[in-house]
Amino acid sequence: MLLLLIFEGHFYELSIVGLVVMQNNMAENAQFKSYYQNLNIENGDWSQQLPWSNRFWEDIHKCNLRFSNRYTKDCTTDLNLRTIAMKQSPFVSSTVNGVYALTTAFQNYLRDKCSTLDFGNCINGNVSEMYRYLEYELDRLTVTPNGGAQFSFDNRNASIPMAILNFQYGPKGNPRFVTVSEKLTCIIYAYYAIFDNQQLKSQL
């Protein structure tokens with residue numbers, strides 16, 4: 001989110017010098033970090049199924065896989081991510097929190113409203129009731145995802161820790177973002193929405 005553009009009234013070649021921005025400042029999810037760092041090119045079959053997989057491994061390690069000549073050296077056969085220094089995007093934790101909350105609410109619905117022998121008919125039988133239950137549960141729940149911190153919604157809103165950054169030149173003239181403050185909480189409105197597909201279809 002852009003808040004302010006200032007730098008003593010001067011215009012610089014880098015027009016964003018002096019820019020003040022807000023950035024999601026959620027802590028890393030330790031379990032996802034462990035999972036990601038332990039990936040290697042032979043993990044399961046995802047490397048073969050994803051169209052960008054080969055390019056990902058080549059760009060990370062600056063090497064060529066079979067039939068490629070994009071780099072000056074060939075890749076080894078045991079490529080992994082353990083030795084690669086990377087910073088986890090704060091949106092990883094946001095995504096994990098939302099998915100974990102929704103799946104917990106859905107598990108509670110199955111427990112409270114459905115026979116363990118007839119989940120399919122229970123879910124399809126009254127979709128509107130299920131959506132209303134999930135909306136209620138999402139506002140009521142407080143969850144702690146594996147590897148993460150405690151999280152909850154409040155009337156469909158979510159409190160997200162934010163940092164304020166200022167884009168400026170460093171001591172050697174190199175442009176960089178400098179953290180101004182990390183003690184800010186932002187309320188994200190309408191963080192989730194659940195729709196009844198049948199009602200939507202009837203209104204289209």
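Colleague: To which residue does a disulfide join Cys63?

Modeller: This is a predicted model, in which local features need pLDDT of at least 70, side-chain atom pairs count only at pLDDT 80 or more, and totals for chains, interfaces and linings use all residues. Residues are numbered from 1 along each chain as its sequence is written, and side-chain values use heavy atoms, with hydrogens and water left out. A disulfide here is a pair of cysteine sulfur atoms within 2.5 Å. With an S to S distance of 1.9 Å, the partner of Cys63 is Cys75.

Colleague: Is the link of Cys63 and Cys75 right-handed or left-handed?

Modeller: Both Cys63 and Cys75 lie in the loop between α3 (53-61) and α4 (90-113), twelve residues apart. Helices (H or I, at least four residues) and strands (E, at least two) are DSSP runs, numbered from the N terminus. The angle about the S-S bond is 95°, and the link of Cys63 and Cys75 is right-handed.

Colleague: Is Cys75 buried or exposed?

Modeller: Buried means under 20% relative accessible area, exposed over 50%, and partly exposed in between (1.4 Å probe, protein chains only). Cys63 has 2% relative accessibility and therefore counts as buried. Cys75 has a value of 17%, so this residue also counts as buried.

Colleague: What is the handedness of the disulfide of Cys114 and Cys122?

Modeller: The sulfur atoms of Cys114 and Cys122 are 1.9 Å apart. Cys114 is buried at 10% relative accessibility, and Cys122 is buried at 16%. Because the torsion about the S-S bond is about -75°, the disulfide of Cys114 and Cys122 is left-handed.

Colleague: What is the pairing of the bonded cysteines in sequence order?

Modeller: The structure holds two disulfides. When the bonded cysteines of the chain are numbered in sequence order, the pairing is 1-2, 3-4.

Colleague: Which residues touch the most other members of the largest nonpolar core?

Modeller: A nonpolar core is a set of buried Ala, Val, Leu, Ile, Met, Phe, Trp, Tyr and Cys residues joined through side-chain atoms within 4.5 Å. The largest such core has 20 residues, and those touching the most other members are Ala101, Tyr109, Leu134, Phe151 and Phe153. The elements giving two or more residues to this core are α4, α6 (127-140) and β5 (158-169). The largest share, five residues, comes from α6.

Colleague: With which residues is Tyr109 in contact, leaving aside its neighbours within four places in sequence?

Modeller: Contact means heavy atoms within 4.5 Å. With those neighbours left aside, Tyr109 is in contact with Cys114, Cys122, Asn126, Met130, Tyr133 and Leu134.
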